[in-house]
Amino acid sequence: METRIITALLIEDNPDDAMLIQRYLAGSPRVIYKVTHVDRLADGVKMLNSMSFDVILLDLGLPDAPAGIKTFEKAYAHASSIPIIVLTGYDDDTIAVESVQKGAQDYIVKGQVTGGMLGREVVLEATDYWSSITNKRIGAFGVYADHAALDITDGPQVRSYLAYEKPGPFVGR
């Protein structure tokens, strides 16, 4: 089976939590996670402006952002096109439901997450995201392809094609 590469932006101010999350992701045998870690929301926004990410892992208790759902809202305002998984120490169903209603892909309580669970969630959200973008773009171009013609695991190649604004020839594998 082919190894997949997923780029993740981890916005987490607690160094111990950040290290644990990165260790959890590093334990996957079939996925290589390229994690960029920052400890402030402002630094995360700067990274979003300079790099491309498949998924964002966001803590809701950052020192330079309002606590709770407001942190998500600020991040989402800068990255509404990238799946955001909220990772937080708050075990609060109200915040969980509200963050998902406002656009988060999922809400995970840090103390309840395992390495396998986090890895699967990141892969699922990144795959669902690129699949939905692919389907939208294919529909917009009027291109019809069977499921084997477009492999979303190609990552940058697919993203490069999907970023192309004018209809052009589709080159499959």
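## Where α2 meets α3

L41, V45 and L48 in helix α2 meet T71, K74, A75 and H78 in helix α3. By class, the residues of this contact divide into four nonpolar, two polar and one charged. This is a predicted model, and every value here is computed from it.

Two packed helices are described by the angle between their axes and the distance between the axes. Helix α2 covers residues 41-50, and helix α3 covers residues 69-78. Their axes come within 10 Å. They cross at roughly 15°. An angle under 35 degrees counts as roughly parallel, so α2 is roughly parallel to α3. The crossing of the two helices is right-handed.

## The chain as a whole

How many helices and strands does the chain have? The secondary structure comes to six helices and five strands. Read from the N terminus, the elements run β-α-β-α-β-α-β-α-β-α-α.

The chain has 173 residues, and 42% of them are buried. Contacts also reach along the sequence. Take those between residues at least 6 apart in sequence: 62% join residues at least 24 apart.

## T7 in strand β1

T7 is found in strand β1, which spans residues 4-11. Is T7 buried or exposed? Its relative accessible area is 17%. The cut-off for buried is under 20%, so T7 counts as buried.

What does T7 touch beyond its neighbours within four places in sequence? The contacts are K34, S52, F53, D54 and V55. Y33 belongs in the picture too. T7 and Y33 are 26 residues apart in sequence, yet their C-alpha atoms are 5.8 Å apart in space.

## Polar contacts of T7

Two of these partners can be described atom by atom. With S52, the side chain of T7 takes part: one of its polar atoms lies 3.5 Å from the backbone oxygen of S52. With D54, the backbone of T7 takes part: the backbone nitrogen of T7 lies 2.8 Å from a polar atom of the D54 side chain.

D54 itself sits in the loop between α2 and β3, where β3 is residues 55-58. At 2% relative accessibility, D54 counts as buried.

D91 is found in the loop between β4 (84-88) and α4 (93-101). Buried or exposed? D91 is exposed, with a relative accessible area of 53%; the cut-off for exposed is over 50%.

Leaving aside neighbours within four places in sequence, D91 is in contact with Y107, V109 and Q112. G111 is 20 residues from D91 along the chain. The C-alpha atoms of D91 and G111 are separated by 8.9 Å.

## Two partly exposed residues

L20 is found in helix α1, residues 15-26. L20 is partly exposed, with a relative accessible area of 37%. Its C-alpha atom is separated by 9.7 Å from that of K110. Along the chain, L20 and K110 are 90 residues apart.

Where is Q105? It is found in the loop between α4 and β5, with β5 at residues 106-109. Q105 is partly exposed, with a relative accessible area of 37%. P83 is 22 residues from Q105 along the chain. The C-alpha atoms of Q105 and P83 are separated by 5.8 Å.

Definitions and conventions. Residues numbered from 1 in each chain as written. Predicted model: local features only at pLDDT ≥ 70, side-chain atom pairs only at ≥ 80, totals over all residues. Heavy atoms only, no water. Axes fitted to C-alpha atoms, helices over the stretch in contact; angles between N-to-C directions. Helix = DSSP H or I, 4+ residues; strand = E, 2+ residues; numbered from the N terminus. Parallel < 35°, antiparallel > 145°, perpendicular 65-115°, else oblique. Left-handed = near helix turned anticlockwise from the far one by under 90°. Contact = heavy atoms within 4.5 Å. Nonpolar A, V, L, I, M, F, W, Y, C, P; charged D, E, K, R; others polar. Buried < 20%, exposed > 50% of the residue type's maximum accessible area, 1.4 Å probe, protein only. Polar contact = N/O pair within 3.5 Å; in protein donor to acceptor, adjacent residues only side chain to side chain.
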